[in-house]
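Have the model open in your viewer, and let us walk through it together.

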Amino acid sequence: MEGILDLLNSPMGKTIISGVAGSTGQDNAKTSNVLTMALPVLMKAMQRNAATPEGAEGLMGALNKHDGGILDNLGDLFNGGVDSSVVNDGSKILGHVLGNKQQGVEQVIGQKAGLDAGSVGSILKTAAPILMGLLGKQSRQSSVNNSGGLGDLLGGMLGGNSTQQEQSFLEKILDADGDGSVIDDVAGMVLGSGDKKSGGLLGGLLGGIFGKK
């Protein structure tokens, strides 16, 4: 199963990044940074939610509505800017997935990407339906129909071999309350770790964002 960060680095991923950047008026590099940080966070939040029966049921329902068709016409999707219905769908997805953590998550990611939280929010609203399309398509290919299968799917795409430190990073961002302290904690964890695996979830693409190749 292809990991989410591998996918972002693929030709389709680069199309998604450039399309989201163009639709939100941001440059490609910052949009790439935001998505590289945010998509694993969103998936980790989904994994948390899917651990409860009601959360798993809600996520399965959402994936059933996102069959992956959005991926078939990315050129049309981004031509002239993303349709408002897609952005509205993204807003609902973020609300369901992140709940009251949304503002804190956007602030932390914005701080690290060099963007204000509103710009991060615009990028995520545009990208969230695409992520759900990816997950919906993968869930069908893997015949996922229960919470255990959902957890395995999300874990596999997050990177099944990710280290405890990398998982802790995602948890810290999800627990951000926007008071600024988590930003320092997260930055210290990533920048101050000399033993970070180069091939892990954060060690590869995220390593470049935080100044460590």
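In this predicted model, helix α4 has 13 residues and spans 19 Å from its first C-alpha to its last, close to the 18 Å expected at 1.5 Å a residue. That expected span is 1.5 Å times one less than the number of residues in the helix. Helices here are DSSP runs of H or I with at least four residues, strands are runs of E with at least two, and both are numbered from the N terminus.

Which residues of α4 are buried? They are G55, A56, L59, M60 and L63. Because these residues cover an arc of only 130° around the axis, they sit on the same side of α4; the arc is that of the directions from the helix axis to the C-beta atoms. The face turned away from the buried side of α4 carries the exposed residues P53, E54, E57, N64 and K65. In these terms, buried means under 20% relative accessible area, exposed means over 50%, and partly exposed is in between, with a 1.4 Å probe and protein chains only. The buried residues of α4 pack against α3, α8 (117–141) and α9 (147–159), where contact means heavy atoms within 4.5 Å.

Two or more lining residues come from each of α3 (28–49), α4 (53–65) and α6 (84–98), and α4 gives the most, with 7 residues. By class, the lining of the largest pocket divides into 6 nonpolar, 6 polar and 4 charged residues. Here Ala, Val, Leu, Ile, Met, Phe, Trp, Tyr, Cys and Pro count as nonpolar, Asp, Glu, Lys and Arg as charged, and the others, Gly among them, as polar.

For the grid details, a 1 Å grid is laid over the protein atoms alone; a cavity is a set of points where a 1.4 Å probe fits but cannot get out, a pocket is an open set with protein on both sides within 12 Å along at least five of seven lines, and lining residues have an atom within 4 Å of a point. Grid points are joined across faces, edges and corners, and a volume is the space filled by probe spheres set on the points.

How many cavities of 30 Å³ or more does a search of the whole structure find? The search finds 1, and the largest cavity has about 60 Å³ of space. Lining the largest cavity are I4, L7, L8, I16, L35, L39, A127, I130, L131 and L134. The elements giving two or more of these residues are α1, α3 and α8, with α8 giving the most, at 4 residues. The lining of the largest cavity has 10 nonpolar residues, no polar ones and no charged ones.

L5 lies in helix α1 (residues 4–8) and counts as buried because its relative accessibility is 8%. L5 and G159 are 154 residues apart in sequence, yet their C-alpha atoms are 8.8 Å apart in space. In helix α8 we find A128, which is buried, with a relative accessible area of 2%. Apart from neighbours within four places in sequence, A128 is in contact with G90, I93 and L94. A128 and S91 are 37 residues apart in sequence and 8.0 Å apart C-alpha to C-alpha.

Q102 belongs to helix α7 (residues 102–113), and at 18% relative accessibility Q102 counts as buried. Leaving aside neighbours within four places in sequence, Q102 is in contact with L94 and G95.

The loop between α8 and α9 holds S143, whose phi is positive, at about 55°, although S143 is not a glycine. As a general rule, most residues other than glycine have a negative phi. S143 counts as exposed, since its relative accessibility is 56%.

Buried residues make up 50% of its 213 residues. Of the contacts in the protein with a separation of 6 or more, 75% are between residues 24 or more positions apart.

A word on conventions: residues are numbered from 1 along each chain as its sequence is written, and side-chain values use heavy atoms, with hydrogens and water left out. As the model is a predicted one, local features need pLDDT of at least 70 and side-chain atom pairs count only at pLDDT 80 or more, while totals for chains, interfaces and linings use all residues.
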